[in-house]
Amino acid sequence: MSIIKYYFNHFKETWRQNIIYIGFIVVFLFFAITLHDSGFLSLNNILNIGRQTAIIAIMAVAMTLVLSSGEIDLSVGSVAGLASVTTALAIKYYGIFFGISAGLCTGLIVGILNGLISTRLMVPTFLTTLAMMGIAKGVSMWISGTRSISIIEEPYTNFFGSGDFLGIPSLLFWMIIIGIIGHVIYRRTKFGRQILAVGGNVVSANYSGINTNKVKFFVLIISSLMAALAGMLYAGRLHTGRFQLGEGDELSVIAAAVLGGTSLFGGKGTVIGSIIGALMIGVINNGLILMGLEYPQQLIARGSIIILAVAISESGKNKS
Amino acid sequence: MRDVNSLSSAVKMQNISKSFGGIKALDNVDISFQYHEIHALLGENGAGKSTILKILRGIHSFSNGKVLIDNNPISNLTPQNAKEYGIGMIFQEMSLVQSLTVAQNIYLGNEPKTKLGFIDDILMIKKSETIFKSMGININPKEKLNNLTTGQQQLTEIAKALSQNAKILILDEPTSALTTSEVKILFNLLIKLKSEGKCIIYVSHRMEEIFQISDKITVLRDGKLINTKKINEYNLQTLISDIMGKETKNLSDFRKKTNKKSKIILKVRNVSSLNKGGNYNFDLYKGEVLGIAGLLGSGRSRIARLLYGLETKGSGNIIFKNNNIDIKNTIDSNKYKIALVPEDRRLQGLILNHSIKSNIELPNLNNYTKYSFVSDNDSIEDTKKVIADLNIKTLDKNNLVSSLSGGNQQKVVIGKWKISDPEILILDEATAGIDIGSKGEVLDLVNSLAQEGKSIIFISSELTELLAISDRIAIVGNGQIKKIISKNDLIENKNNNVSIEQQLQFLIQTSNMNEALI
């Protein structure tokens, strides 16, 4: 009897983390059937979904770590915008190498600032990164004069987001590589275990001799670095750096992670789930467009589907 | 006798019994609290005091017997109507909202309204002032609660009860966090309230206070009422013997170690806490169990917090293996192989919604990590070992810790530190709230760790287990170690009229006596 109860509880536990895969398949099949004639299943459309989703997915991988540590990063969208601008500017004046360095340094600097403010000045990350969202946007508008800065260097744009490799968009390779690295860090390294412990119970983690501030600090740096990479990919894909790039992405990124089974309160999550969550949002967006919905209708439908998905996954949770 | 008293009887509990899953928490208890009286309720942890208080507050029902308030039988006591019957509880851990003002706290959920239905702040402040005036206490009702001292907060809590016209006031360990002068103010107030006719039920482990303030004492032991006597019919010795019982519990189990002096591993010299003061001096030998005894608020947990880097040292030296060390945080303490089984296993010791394996590997991640990758095989092996060695009752190593019983949870905490192979293991109230069986297992485990050569600091408020496990016992009072006695001395110099526990209790009580109060 207790064995049955045990497996039942086990099922309930895993339900929350696995529902995303079932949900993804259901949504995909739904559109595949209803939108068969609109070309939903065409290779072109599938690759398009991949392209549109990859950048969100990359940020969602990092967000999984942030949320799992019990923190949040709201600055990712505007950091992506800022990095697209700094990269484009540096390429324009100093060439590709400095462009890439500038983009990555942008992420590093913002991450260090977020980390120091949160762990040294004890400002909650919600506020730190909310403020940083404004600051990063302000800086990118200022240094770009709110103009777009075009990038003509093909090697850069091909490598970062525009080109194909073996017939597959390079963006998808980026997503897969970041996904694998993220998954391995999260599941297999000491740092990953520490992230989960800090998010699970910060007091117990400290009492177990873990430097909780150090963990939070590095998690925030990783998040900003991935946001910067996302900005560089936006810049490569659109051949331009512009402060609006990535605007509002923080919500899609957090939604993707939560849909994927990562707890908003820390201590639990999966990297692969977050990627699937991002893909699911991409599929929904794409499907709604193909269905001919107007943008306002898309917003309403997307919001409703996300609420529904999270509500279903929460329903299997152990209430005790 | 009873007839005379019943004229002013506030609460009568007749033949009250209460069981929790077959264990009798209260067994046919007969007790009567009068107006114009401070009535102390005494007993060891688990004697049934808090069950009585919870019945009076309407939290627990009772299976048998009757409760009468003002001589009227009350059948359905609930937390809501307990207030209407005039019962006011002053909580041990404050139930006030720190961010609200004193007046807002006093009238929380009970706010006076203006004619328009808005909260009448002016009236609320005026009424609060009146209450404080009647209490003879000067607290500004407009002050935010977090600007008050602990003592003032306690007084606010009493004011809150009085604002709801409480006639019967219950105070549970009200002085454990108060300074001497705050205790004086509280006691003057209690005497004043008594003279105004309130019935005051007073629970405390500090017997000096009991003798100072109460009129009558009721002693409970193992859910049974032992005695109700006037204060002048008791002295410290007879009171202790009523509380603890005549016979020593399993003296045969007491660990009689040879106690041959091994080398000193840790010297603590004039160590104080930066924020909380104190002045600690003691040595810890390799392979010994040093018990730490003391009353709540005596500063016994501070020793653990200082040695584990949870509290900043103000002055003094900690000398570990002949080196002066500075423990600034838990990373330092882990570096020196000092481990702590903390007071609150659920909030400090464990990550409840993680698996047994995750919890056990947490302080030991370095052992399993190569090139920053964690080897799950090693960690699983250790987890299995802990589950088997410590007899943790679970079906699977991946089960969540929250699904375990309290005793098994505590074994996980001890197990994770056992794997880390510490030199010094500090346990703070390690057996609190776990069942008897697990308690024995935990003590056995501590014993075997000491035999392996680990030095143990064992903080506990349970004297029986302290005596059972310790080689020496340090008695803490007012932030200092007042005395360190070896158990062998205690056993050899045993006075035949009193048990060893009683002797120890006597030492603890007398070393906590505060000259200013006597």
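Q: How many helices and strands does chain A have?
A: Helices (H or I, at least four residues) and strands (E, at least two) are DSSP runs, numbered from the N terminus, and by that reading chain A has 13 helices and 4 strands. This is a predicted model, in which local features need pLDDT of at least 70 and side-chain atom pairs count only at pLDDT 80 or more, while totals for chains, interfaces and linings use all residues. Residues are numbered from 1 along each chain as its sequence is written, with chains lettered from A and ligands numbered from 1 in the order in which they are written.

Q: Which share of the residues in chain A is buried?
A: A residue is buried if 20 or more other C-beta atoms, placed from the backbone, lie within 10 Å of its own, exposed if 12 or fewer, and partly exposed in between. Buried residues make up 49% of the 320 residues in chain A.

Q: How are two packed helices described?
A: One gives the angle between their axes and the distance between the axes; the axes are lines fitted to C-alpha atoms, for helices over the stretch in contact, and angles run from 0 to 180 degrees between N-to-C directions. Helix α3 (residues 76–94) of chain A packs against helix α5 (residues 125–144) of chain A at an angle of about 25°, with the axes 8 Å apart. Angles under 35 degrees count as roughly parallel, over 145 as roughly antiparallel, 65 to 115 as roughly perpendicular and the rest as oblique, and α3(A) and α5(A) are therefore roughly parallel to each other. Contact requires C-beta atoms, placed from the backbone, within 7 Å, and the residues that make it include A:L82, A:V85 and A:L89 of α3(A) and A:M133 and A:I143 of α5(A).

Q: At what angle do α3(A) and α11(A) pack?
A: α3(A) and helix α11 (residues 249–259) of chain A pack at about 125°, with their axes 6 Å apart, and are therefore oblique to each other. Their contact is made by A:V76, A:G77 and A:A80 of α3(A) and A:D249, A:E250 and A:V253 of α11(A).

Q: How many residues does each chain give to the contact of chain A with chain B?
A: The contact takes 17 residues from chain A and 21 residues from chain B. On the side of chain A that touches chain B, α8(A) gives the most, with 5 residues.

Q: Where is B:S420 found, and which residues does it touch?
A: B:S420 is found in helix α16 (residues 406–420) of chain B, and it counts as buried, with 20 C-beta neighbours inside 10 Å. Leaving out residues up to four places away in sequence, B:S420 touches B:A339, B:P363 and B:N364.

How values were computed. Contact = placed C-beta atoms within 7 Å.
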